[in-house]
Amino acid sequence: MDTAATKRDWPLWEVFIRSRGGLSHKHVGSVHAPDPELAIRHARDVYTRRMEGVSLWVVRSSDIVASDPAQAGEMFEPAESKVYRHPTFYDIPDIVKHI
Amino acid sequence: MYTTELSKSDIGMKSDRTKSGPVAVEDAALLDAFEARVAADEFIEPKDWMPEAYRRTLVRQISQHAHSEIVGMLPEGAWLTRAPSLRRKAVLLAKVQDEAGHGLYLYCAAETLGTSREQMTEALNAGKAKYSTIFNYPTLTWADIGAIGWLVDGAAIMNQVPLQRTSYGPYARAMVRVCKEESFHQRQGYEIMMAMANGTPAQREMAQDALNRWWWPSLMMFGPPDENSPNTAQSMRWRIKRDTNDELRQKFVDITVPQATYLGLTVPDADLTWNDETGRHDYGAIDWEEFYAVVRGEGPVAKERMKARREAWAEGAWVREAAQAYEAKRAARLAA
Ligand SMILES: [Fe+2]
Ligand SMILES: [Fe+2]
């Protein structure tokens, strides 16, 4: 992807929006921009035309480290086999309350 | 707006990976696993393994869709300075701005497949990329703005709603955002048509004339008839497409005819009748020669549209250069 042609594109930024106070920022898409300030402005114009948020984060896409989907099986297997981490794993008689 | 798959060959949309990557013989086991995931209505994400033909088809479809949103701003943009009231002007401006947004969501979705924004922009400006045939018709009167919102955005909605469940995750998510925004586009258009249809005799005539000119091109927006759409079967199997062109076209006719009746306008089709047996409308033959001519770039204002795009790109060059120079300066300062 590092051809001369793609280098002429402005860098790509991933956009995250906090839709209202109390909620986490959530990924909504991406924008191209030459610098962080313009990335925020572009993100506002592209992703918040209808009061979608009260706060924006932008992160250079190239700075995101992702897990490998091909390895998803092994990666998340430890959680899958440990059902005893869930409360429903334990049998408690109905007569016992507030537990 | 939207585009249907207009061409069987790849037009100027080379994915880097397909052209220069070490293309191994695709592992049959990977292909089976992929097809099983798609058949189970799972979403495919950018880094997942996918057949090259799936990638190519998506790059073509999504980029054509993006180009349609961008070129689609032109026929309406022409009326921004001539809107009949401040309210209409503000509304039209908001709609046109939405279409720019749609183009950007879609370009980003296409980029996740390994094509670049630059490549897509270049293909469009060089006249090598396709976009929806509908935008190569002129907007002659204010009633055309009503007809476009009502019919063109209406047809776009009909096509885009099922694409919210298309198998490629980034495309599906872009469609969810787009669909949320399209409804206002159609309603503002219909509101214009209501005002014109209930206005002076001259306004009423303009409304009818707009319907006359936009009706058939709107039906063509759904793409060639199923028997001439050889890619449909594969695209449906891969859940890139969820309905055939003819199914969507029929739905559109059934929904839109009563809306025309409410306006007191006549759909320009002498063969249009209600069919009691099928519970649907029968409609007249579509002039597919006209459609293919427009696809070939012979639409009434095709040259004008391309010229406008190229000029806009050239005239915006100084802004792009200034932004880049500013960033270079900032980076240099940070480094010092
Ligand atoms: Fe749109
Ligand atoms: Fe629209």
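Predicted model: local features only at pLDDT ≥ 70, side-chain atom pairs only at ≥ 80, totals over all residues.
## Spacing and geometry of the iron site

Residues are numbered from 1 along each chain as its sequence is written, and chains are lettered from A and ligands numbered from 1 in the order in which they are written.

The iron ion (ligand 2) lies 3.3 Å from the iron ion (ligand 1), and Glu99(B) coordinates both. Distant parts of the chain are linked here, as Glu99(B) belongs to helix α5 (residues 86–111) of chain B and Glu182(B) to helix α8 (residues 169–197) of chain B, 83 residues apart; helices (H or I, at least four residues) and strands (E, at least two) are DSSP runs, numbered from the N terminus. Glu99(B) and Glu182(B) are buried, a class that means under 20% relative accessible area, with exposed over 50% and partly exposed in between (1.4 Å probe, protein chains only).

Helix α6 (residues 117–125) of chain B is mostly covered, with eight of its nine residues buried; among them are Arg117(B), Glu118(B) and Asn125(B). After α6(B) comes Gly127(B), which has a positive phi near 75°.

## Cysteines

With a disulfide taken as a pair of cysteine sulfur atoms within 2.5 Å, the count over all chains comes to zero. Cys108(B) is in no disulfide, and the nearest cysteine sulfur, that of Cys179(B), is 18 Å away, too far for a bond. Cys108(B) is buried at a relative accessible area of 8%, and Cys179(B) also counts as buried, at 14% relative accessibility.

## The sheet of chain A

Chain A holds an open sheet of three strands in the order β2-β1-β3, with antiparallel pairing; two strands pair if DSSP finds at least two bridges between them. Strands β2 and β3 of chain A stand at the edges with a single partner strand each, so one side of each is left without a neighbour in the sheet. From one strand to the next the twist averages 30°, on the convention that axes are lines fitted to C-alpha atoms (for helices over the stretch in contact) and that angles run from 0 to 180 degrees between N-to-C directions.

Strand β1 (residues 12–18) of chain A is mostly covered, five of its seven residues being buried. β1(A) pairs with β2 (residues 25–32) over seven bridges and with β3 (residues 55–60) over six bridges. Arg18(A) stands opposite His25(A) in β2(A) and has Ser55(A) as its bridge partner in β3(A), while Phe16(A) stands opposite Trp57(A) in β3(A). The hairpin of β1(A) and β2(A) has six residues between the strands, and Gly22(A) in the turn has a positive phi of about 95°.

## Loop residues of chain A

Arg49(A) lies in the loop between α2 (36–47) and β3 of chain A. The side chain of Arg49(A) makes polar contacts with the side chains of Asp98(B), at 2.8 Å, and of Glu181(B), at 2.9 Å. A polar contact is a pair of N or O atoms within 3.5 Å; within protein, one must be able to donate a hydrogen and the other to accept it, and residues adjacent in sequence count only if both atoms are side-chain atoms.

Most residues other than glycine have a negative phi. Met51(A), in the loop between α2 and β3 of chain A, is not a glycine but has a positive phi of about 55°, and Met51(A) counts as exposed at 77% relative accessibility. His98(A), in the segment after α3 (72–80) of chain A, likewise has a positive phi of about 55° although it is not a glycine, and His98(A) is exposed with a relative accessible area of 85%.

Definitions and conventions
Heavy atoms only, no water. Donors = N, O, S within 2.8 Å, 3.2 Å for Na, K, Ca; no water.
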